[in-house]
Amino acid sequence: MKYLLIPTLLLITSSLAFANKEESIKNIIIYDDFTHPGKVLIGIKALATSQLSGSDPEVTWIQSRNTVYVFNPYINAYEAKTANNPAWACYDLLHIARKISNEYVVFGQEHARIDYDAFKAWADKCTEKGFEFNYVYDSANRLWDALKYPETVGRGKVVPQGTRFTCVCDYLGTPVQLFTVANIKGNSFSEIFQSTESRANAVEISFMNKEKDYERDVIPVYSEDYDEQDTLTSPTQIELMGCTSLQEAFKHGKYYLRCNKYVVRTVTIEAYADAIACTMGDIILIQHDVPEWGEGGRIVDVNGQVITLDKQIDSTSGKNYQL
């Protein structure tokens, strides 16, 4: 079961009592070539009995959509991407490209307004971690509400950037910039420590389990030191819409517990615009003298392999240092 195809159920009932039965059937049949692009059509062949009187039959099925259409600016053409990738699912919610009569019709934002590189980087991370998004939107939602489901499963976020749309994701990466006392405004550094006393040491992940015929299932996930803690708190309930795998739900549970364990403080700094070379979602390093995180300053002069700094740096023999 994959996402974004709205099921269409067509029921035709008739109780005609004409003398000429064949002629009456010809009158109600319309011979035309109907097309329903982007829709799932369900055909039902059933015996008209008294059980169908006054109510619609309950019908269940599994529907799938294998690909979505993503515009690749490097080849100036559309590519078919995996529909159950959370990043490409978000891209399709923004772009809504459909292939009709061998032509691509766009019902959403233009591809020029979507950051292809950012979504591809996010999609590659989702593929690497094995995260899949399987969900059917069967009701009208606002765009930002609909995006929350694949964003949560893919550990990312769609962000408006001026007149364009980009995304950020929470995965292991490389720092892109170092802020030091040389480019941080004076007296602007502040550090806030968050309380860890009442934090949950277990979470309950609610999801639709495909191994149980897509019934709602709940899996408890415990922290590594759950048995060692003296006080136990009530588990936090988290709903993962679009997650259908028990293994994937367990991974997300461990992820939330790690965030709960290691996110213990917030640092705030101010810097001038010309000193900021990062954007939202980037990993950065911070050096400052208040918490004594390393040594910071400016380079005064470079002469070959001799670098002159603006202050004296104390070093310890036997330790490696990086400039």
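The following exercises, each with a worked solution, concern the predicted model shown above.

Residues are numbered from 1 along each chain as its sequence is written. Because the model is predicted, local features need pLDDT of at least 70, side-chain atom pairs count only at pLDDT 80 or more, and totals for chains, interfaces and linings use all residues, while side-chain values use heavy atoms, with hydrogens and water left out.

**Exercise 1. The sheet with E11, E12 and E13**

Determine in what order the 3 strands of this open sheet lie, and which helix packs on the sheet.

Solution.

Step 1. Helices (H or I, at least four residues) and strands (E, at least two) are DSSP runs, numbered from the N terminus. Two strands pair if DSSP finds at least two bridges between them.

Step 2. The order of the 3 strands is E12-E11-E13, with mixed pairing. Strand E12 (215-222) and strand E13 (236-239) are the edge strands, each pairing on one side only.

Step 3. On average, neighbouring strands of this sheet are turned by 25 degrees against each other, direction ignored. Axes are lines fitted to C-alpha atoms, for helices over the stretch in contact, and angles run from 0 to 180 degrees between N-to-C directions.

Step 4. Strand E11 (residues 202-209) runs antiparallel to E12 and is joined to it by 8 bridges. Ala 202 has Tyr 222 of E12 as its bridge partner.

Step 5. Helix H5 (residues 246-262) packs on the sheet and touches E11, E12 and E13; contact means heavy atoms within 4.5 Å. The direction of H5 makes about 40 degrees with that of E12.

**Exercise 2. Helices H2 and H3**

Describe at what angle helices H2 and H3 pack, and which residues make the contact.

Solution.

Step 1. Two packed helices are described by the angle between their axes and the distance between the axes. For helix H2 (residues 86-95) and helix H3 (residues 116-129), the angle is about 145 degrees and the axes are 7 Å apart.

Step 2. H2 contributes Pro 86, Ala 87, Trp 88, Cys 90, Tyr 91 and Leu 94, and H3 contributes Tyr 116, Phe 119, Lys 120, Trp 122, Ala 123 and Cys 126.

Step 3. By class, this contact has 11 nonpolar, no polar and 1 charged residues. Ala, Val, Leu, Ile, Met, Phe, Trp, Tyr, Cys and Pro count as nonpolar, Asp, Glu, Lys and Arg as charged, and the others, Gly among them, as polar.

**Exercise 3. Aromatic pairs**

Classify the ring pair of Phe 119 and Trp 122, and state which residues the ring pairs link into a cluster.

Solution.

Step 1. Rings of Phe, Tyr and Trp (its six-membered ring) pair if their centres lie within 6.5 Å; planes under 30 degrees apart count as stacked, over 60 as edge-to-face and the rest as tilted. The whole structure holds 16 aromatic pairs.

Step 2. The ring centres of Phe 119 and Trp 122 are 6.3 Å apart and the planes stand at 35 degrees, so the pair is tilted.

Step 3. Both residues lie in helix H3, 3 residues apart, about one turn of the helix. Phe 119 and Trp 122 are buried, where buried means under 20% relative accessible area, exposed over 50%, and partly exposed in between (1.4 Å probe, protein chains only).

Step 4. The cluster linked by ring pairs consists of Tyr 74, Trp 88, Tyr 91, Tyr 116, Phe 119 and Trp 122.

**Exercise 4. Salt bridges**

Locate the partners of the salt bridges formed by Arg 65, Asp 145 and Arg 265.

Solution.

Step 1. A salt bridge is a side-chain nitrogen of Lys or Arg within 4 Å of a carboxyl oxygen of Asp or Glu. The whole structure contains 10 salt bridges.

Step 2. Arg 65 pairs with Asp 92, with the closest N and O atoms 3.3 Å apart. Arg 65 lies in the loop between strand E2 (39-42) and strand E3 (67-72) and Asp 92 in helix H2, so the pair ties together parts that are 27 residues apart in sequence. Both residues are buried. Arg 65, Asp 92 and Arg 98 are linked in a network of salt bridges.

Step 3. Asp 145 pairs with Lys 148 at 3.7 Å between the closest N and O atoms. Both lie in helix H4 (residues 143-154), 3 residues apart. Asp 145 is partly exposed at 36% relative accessibility, and Lys 148 is partly exposed at 44%.

Step 4. Arg 265 meets Glu 191 at 2.9 Å, N to O. This pair links strand E14 (residues 265-268) with strand E10 (residues 190-193), the two residues being 74 residues apart.
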